[in-house]
Amino acid sequence: MTALDPAVLIPAEVIGRKVTELADRIARDYTARQPLLLIGVLKGSFIFLADLSRRIPLPHRVDFIALSSYGAKARSSGEVRLVMDLRQPIEGMHVLIVEDIVDTGRTLAYLTHLLGARKPASLKICTLVHKPSRREVEVPLDYVGFDIPDKWVVGYGLDYADQYRTLPYIGYVEPGN
Ligand code: PRP
């Protein structure tokens, strides 16, 4: 770590333990709920999904959807865009959406509406990080790693203007805009 690296909010070891805990809970809950499909919301969830998926000791598939609401800006525009859709239909599948962060909740409100219309057997949400103080739209969260304060968090998939995603820990920066 250098003086220019973001300040640490959640160290890598703490994230690792939490991911294992979430994977254990998910494995218990989905033992009798097959087929299971994890859907990663790109880009931010790619590292969390990779770690979570490998720690769930159940057969499951993985797919991705890309949504965007922030672009290069620090705050959400409030308008969610579908950038890339799933590869496969989800009808009859037990779907678990995997997010890196829930902030206003607008991305998940859009996504649960979109996917719910495709008739999955069930639709639940797992997010690593949640900012309760920023919520604008109510969406039930089934698995939450960490509730955090209203800081701009980066690392472990999270970005600021597409930077810092590959940091092993979750840190925070002070956005300039
Ligand atoms: C981030 C994050 C969530 C969303 C949460 O995505 O990955 O999908 O914002 O914000 P909300 O609860 O206010 O909707 P972003 O649009 O920054 O795209 P990215 O995942 O490609 O970084």
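Ala161 sits in the loop between strand 8 (152-154) and strand 9 (170-173), where helices (H or I, at least four residues) and strands (E, at least two) are DSSP runs numbered from the N terminus. This is a predicted model, in which local features need pLDDT of at least 70, side-chain atom pairs count only at pLDDT 80 or more, and totals for chains, interfaces and linings use all residues. Residues are numbered from 1 along each chain as its sequence is written, and side-chain values use heavy atoms, with hydrogens and water left out.

Ala161 is not a glycine, yet its phi is positive, at about 50°. With 34% relative accessibility, Ala161 counts as partly exposed; buried means under 20% relative accessible area, exposed over 50%, and partly exposed in between (1.4 Å probe, protein chains only). Lys119, in the loop between helix 3 and strand 6, is another non-glycine residue with a positive phi, here about 60°. Lys119 counts as exposed, at 55% relative accessibility. As background, most residues other than glycine have a negative phi, and most peptide bonds are trans.

Next comes the ligand. It is surrounded by 17 residues, and the closest are Glu99, Asp100, Thr104, Gly105 and Thr107; to be near here, a residue needs one of its heavy atoms within 4 Å of the molecule. An oxygen atom of the ligand is 2.6 Å from an N or O atom in the Glu99 side chain, and a ligand oxygen is 2.7 Å from an N or O atom in the side chain of Asp100. A polar backbone atom of Gly105 is 2.8 Å from an oxygen atom of the ligand. Taken alone, the ligand exposes 500 Å², and the protein buries 93% of that (accessible areas come from the Shrake-Rupley method with a 1.4 Å probe; for residues, only the protein chains shown count as cover). Strand 5 (94-102) and helix 3 (106-116) are the elements that give two or more residues to this shell, and strand 5 gives the most, with four. Sorted by class, the shell has four nonpolar, six polar and seven charged residues. In this sorting, Ala, Val, Leu, Ile, Met, Phe, Trp, Tyr, Cys and Pro count as nonpolar, Asp, Glu, Lys and Arg as charged, and the others, Gly among them, as polar.

The loop between strand 5 and helix 3 holds Asp103, which counts as buried at 7% relative accessibility. The Asp103 side chain makes a polar contact with the side chain of Lys131 (3.3 Å). A polar contact is a pair of N or O atoms within 3.5 Å; within protein, one must be able to donate a hydrogen and the other to accept it, and residues adjacent in sequence count only if both atoms are side-chain atoms.

What about the nonpolar interior? A nonpolar core is a set of buried Ala, Val, Leu, Ile, Met, Phe, Trp, Tyr and Cys residues joined through side-chain atoms within 4.5 Å. The largest one has 29 residues, of which Phe48, Leu52, Leu128 and Ile170 touch the most other members. At least two residues each come from helix 1 (12-30), strand 2 (36-42), helix 2 (46-55), strand 5, strand 6 (122-130) and strand 7 (143-147). Helix 1 gives the most, with seven. A second, separate core of 17 residues includes Val80, Ile97, Leu111 and Ile125.

Leu128 is in strand 6 and is buried, at 2% relative accessibility. Leaving aside neighbours within four places in sequence, the contacts of Leu128 (heavy atoms within 4.5 Å) include Val19, Phe48, Glu99, Asp100 and Ile170. Leu128 and Ile170 are 42 residues apart along the chain, and their C-alpha atoms are separated by 11 Å.

Helix 2 has several buried residues, namely Ile47, Phe48, Leu49, Asp51, Leu52 and Ser53. They pack against helix 1, strand 2, strand 3 (61-68), strand 5 and strand 6. Ser53 has a relative accessible area of 15%, so it counts as buried, and beyond its neighbours within four places in sequence it is in contact with Leu38, His60 and Val62.
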